[in-house]
Amino acid sequence: AFGIGLLFFTLLVINLDWAVRETSENKESLFKGRSHMRGICVCVVVTWITFPIAWLIGPNGVRAIPGQAEVIVLSCMDLISKLSFSAYVYYVRTSWSNTLLAERRASAMAASSGIEPPPLQHLTSPVTGLPRDHIRSGLGYEGHKEGEEENENNSGVLVLAPGAEVEK
């Protein structure tokens, strides 16, 4: 059972590393980088590594701790891993939403005053670490409506998918 669990944990770590590499175009990995995608994956690995360790030192492994202690450790780590992952995802979502809202408000105020909008607060996505305009153009987003040239006088609508629109 331990070997099978360890095999699947190893596959999980490899897949998380691939996910970080793919979303950052190989600029980051599970072992280096600063994006939130990497942070979320590291959170999973760090909190989940305790499960095989607890099993290994428990009564089914080397018997360094009694069964009751193993149950307590596993229960606490289950709670900690879920709470830390959820809290980190909530933090990323909230901080990124607040950044986008502040940028949108600053652009709207600049537009209503007839002045140049301020520069973006983050030129890269904190989730993936990629440039934000790359995310728009590189993953199938369109910066203009079908049949129109992309220019300064565009409607300001970013087409995400058929029928789904979000303001620029």
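Guide: Before we start, pLDDT is the predictor's confidence in each residue, from 0 to 100. This is a predicted model, where local features need pLDDT of at least 70, side-chain atom pairs count only at pLDDT 80 or more, and totals for chains, interfaces and linings use all residues. Residues are numbered from 1 along each chain as its sequence is written, and side-chain values use heavy atoms, leaving out hydrogens and water.

Visitor: What's the mean for the protein chain?

Guide: The mean pLDDT is 80, with 79% of residues at 70 or more. Over residues 135-168 pLDDT stays under 50, and the model has 34 contacts beyond four places in sequence for them; contact means heavy atoms within 4.5 Å. Where pLDDT is low, the predicted coordinates should not be read in detail.

Visitor: Back to α2, then. At what angle does α1 cross α2?

Guide: Roughly 170°, and the axes of α1 (residues 2-23) and α2 (residues 36-48) come within 9 Å. Axes are lines fitted to C-alpha atoms, for helices over the stretch in contact, and angles run from 0 to 180 degrees between N-to-C directions. That makes the two helices roughly antiparallel (over 145 degrees; under 35 is roughly parallel, 65 to 115 roughly perpendicular and the rest oblique).

Visitor: Which residues meet there?

Guide: Among them are Phe 9, Leu 12 and Leu 16 from α1, with Cys 41, Val 44 and Trp 48 from α2.

Visitor: And how does α3 pack with α2?

Guide: Helix α3 (residues 50-57) lies at about 5° to α2, with the axes 5 Å apart, so α2 and α3 are roughly parallel. Val 46, Thr 47 and Trp 48 of α2 make the contact with Thr 50, Phe 51 and Pro 52 of α3.

Visitor: Switching topic: how many disulfides are there?

Guide: The structure holds 0 disulfides, counting pairs of cysteine sulfur atoms within 2.5 Å. For Cys 41, the nearest cysteine sulfur is that of Cys 43, 9.6 Å away.

Visitor: Is Cys 41 buried or exposed?

Guide: Cys 41 is buried, at 4% relative accessibility, whereas Cys 76 is partly exposed at 40%. Buried means under 20% relative accessible area, exposed over 50%, and partly exposed in between (1.4 Å probe, protein chains only).

Visitor: Last one: where is Thr 99?

Guide: Thr 99 is in helix α4 (residues 67-113) and is buried, at 10% relative accessible area. Leaving aside neighbours within four places in sequence, Thr 99 contacts Gln 121 and His 122.

Terms used:
Helices (H or I, at least four residues) and strands (E, at least two) are DSSP runs, numbered from the N terminus.
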